[in-house]
Amino acid sequence: MNSRTTRLLLPMLTLCACEASIRTPVGPGELPNDDPEAPVSLVAPTLCPTPTLPAATVQLRLTRSQYLNAIAALLPASTVAAASAELAAVPQSRAGLFSSQQAEVTPSEVETYHAAAFKLAFELADHSAQLAALEPCLGTAPIGTACVQGFLSRFGRRAFRRPMSSADLQHLNRAFQLGAGTSPQEGIGAVVYTVLTDFEFLHRVEHSGTRAAGMGEVFVLTDHELASRLAFALWDAPPDDALLDAADVGLGGPALAAQVDRLLSHPKARATIARFYTEWLGVTASPVVPAYLKAQDPAALGDAMRRELEAFVTRVTLDEQGSYRDLMTRPTVLVDEPQLAALYGLPPSALGQVVTLPASERAGVLTRAGWLATAAVKSSNAGHLIKRGAHFAQVLCRPLPPPDPNLFPPQNPADPSTAPGMTIRERFGALTAQAQCSGCHVRLDSWGGAFGRYGSAGQHLDAEVVFDDAFAPVQSLGIDATAIADLDQAREPRVDGALELSARLGDSLSGPQCLAKQLSTHFSGRSYSSADGCWAEQAFKALQHGSLRSAITALLTAPELKLKAHAGVQP
């Protein structure tokens, strides 16, 4: 059999045989080496008064970034680079606020996985230097049996994120033999292709474990399944060898806490934590800088806004042991771009170092240009009142229903020409006071109005300016930034501006409660439900009395993280 025949045959075999490609695993607690009837007692205390059944476990597919990180962890960089076009075609799907919440896989997505795996596997097989980078003995001729068997065990362990069983090794040996009829190198390519299209590689499979005592169809994760949850939660990547080695020994008690601390302290955690915050805050792309700002390089300024926001949240969370209140009120900043320094009123000497922003203009995350930036308002420097109100509602976990398009006014009230002499807040207020609108807009307009002293590029404003088509000022209007906070109580004293609102939010209960809920949603990869309440409560308690980092640690060392439930189990 020549290499062309092998390469044509292998995809057909793997697509047709469930055992060989994208295999469906056995059910929870049903591996031959486990006794599903043997209970495991959960002795770690929880902050809930009584044990609570976990929500049904969702079969999570790797996100695009997790898939790419897993590929990069398994294969030489030169191999990955050669398949850049195929890997770029792997789509990013999302079924919720966070990218960790994956939608159902589509047939076209399956095709992209197979195309990428085929390119990677046989790019590797065709280059002895790449094989040697994968495993030194694979680059020598002849490739011995001991070399192949050692590779199968080590590669499989890293790819499937657990030790290989004899059945696993038999499965990989069959793939090797399929290609080895042409050459050992083709055999290695067949193994790599088979692994990269396997269900257990493409999904975060949790099919082992033992029953939790007194909890019915609820199972306790194995240490290797727990290691995968930790690694994907904090690194968006599979477990490294150190975490797999720790799982071999056991991730109970202090060992689990030590690994969570190690993962949080690693540079890989920064990108994952930053992505959580930007998805929660709705800043998933660099802001578009409006033309009226006359920025020398608008794209560079927009990118700098997002980088600064990401740097702030990761610094407060991971480096400074900051609290939820610090997240909302700390005025420190690290700017690496001159245009953003100027927008913040900082001198060029402030670039590249942590400095304090003007106390009368800026505080925590909600007064950063990256969060404040909105779509430009026609002929005005104002930020969009309603869009800001909706973003703030998301910070509170109070999303409002989409408006009825049949109720939209014929003219856009954001346009100053619809009501000359009125501010954007006054224009919207005149329309949304009507009964069919006020139910939602009484909050939206108030919350959005609190940020009225910031323009659509996040710049601080002394006045709302209306200008002509050449951006020449036509009118200057005063700004009313007073608002009802409406956080923990229906009636709260008014706040004047975003600084007071941020401070009120930092001292609230509803703010930390929302963050705890969103952290649990992000880490679980499923929609939040009442069954997650006990788990999220641990993060909330930590946020009340400790740091943001301690809240993450509380979630990832909680007993609930170690549990999984069959679909259909009622909490």
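**A buried glutamate and the salt bridges**

Modeller: Happy to! Glu308 lies in helix H15, which covers residues 298–319; helices here are DSSP runs of H or I with at least four residues, strands are runs of E with at least two, and both are numbered from the N terminus. Please keep in mind that this is a predicted model: local features need pLDDT of at least 70, side-chain atom pairs count only at pLDDT 80 or more, and totals for chains, interfaces and linings use all residues. Residues are numbered from 1 along each chain as its sequence is written, and side-chain values use heavy atoms, with hydrogens and water left out.

Glu308 has a relative accessible area of 2%, so this residue is buried (buried means under 20% relative accessible area, exposed over 50%, and partly exposed in between, with a 1.4 Å probe and protein chains only). Leaving aside neighbours within four places in sequence, Glu308 is in contact (heavy atoms within 4.5 Å) with Val333, Leu334, Val335, Leu340, Tyr344 and Arg368.

Now to the salt bridges, each a side-chain nitrogen of Lys or Arg within 4 Å of a carboxyl oxygen of Asp or Glu. The structure holds 27 of them. One joins the side chains of Glu279 and Arg94, at 3.2 Å from N to O. This pair links distant parts of the chain, 185 residues apart: Glu279 is in helix H14 (residues 268–281), and Arg94 is in the loop between helix H4 (84–88) and helix H5 (107–125). Glu279 is buried at 4% relative accessible area, whereas Arg94 is partly exposed at 37%.

Next come Glu200 and Arg162, whose side chains meet in a salt bridge at 3.0 Å, N to O. Glu200 lies in helix H10 (residues 199–202) and Arg162 in the loop between helix H7 (145–160) and helix H8 (166–180), so the pair ties together parts that are 38 residues apart in sequence. Both Glu200 and Arg162 are buried.

Loops hold both partners in another case, the salt bridge of Asp486 and Arg398, with 3.7 Å from N to O. Asp486 is in the loop between strand E9 (482–484) and strand E10 (494–496), Arg398 is in the loop between helix H19 (385–395) and helix H20 (424–432), and the two are 88 residues apart. Asp486 counts as buried at 11% relative accessibility, while Arg398, at 23%, is partly exposed.

Finally, there is a network: salt bridges link Arg315, Glu320, Asp326 and Arg330.
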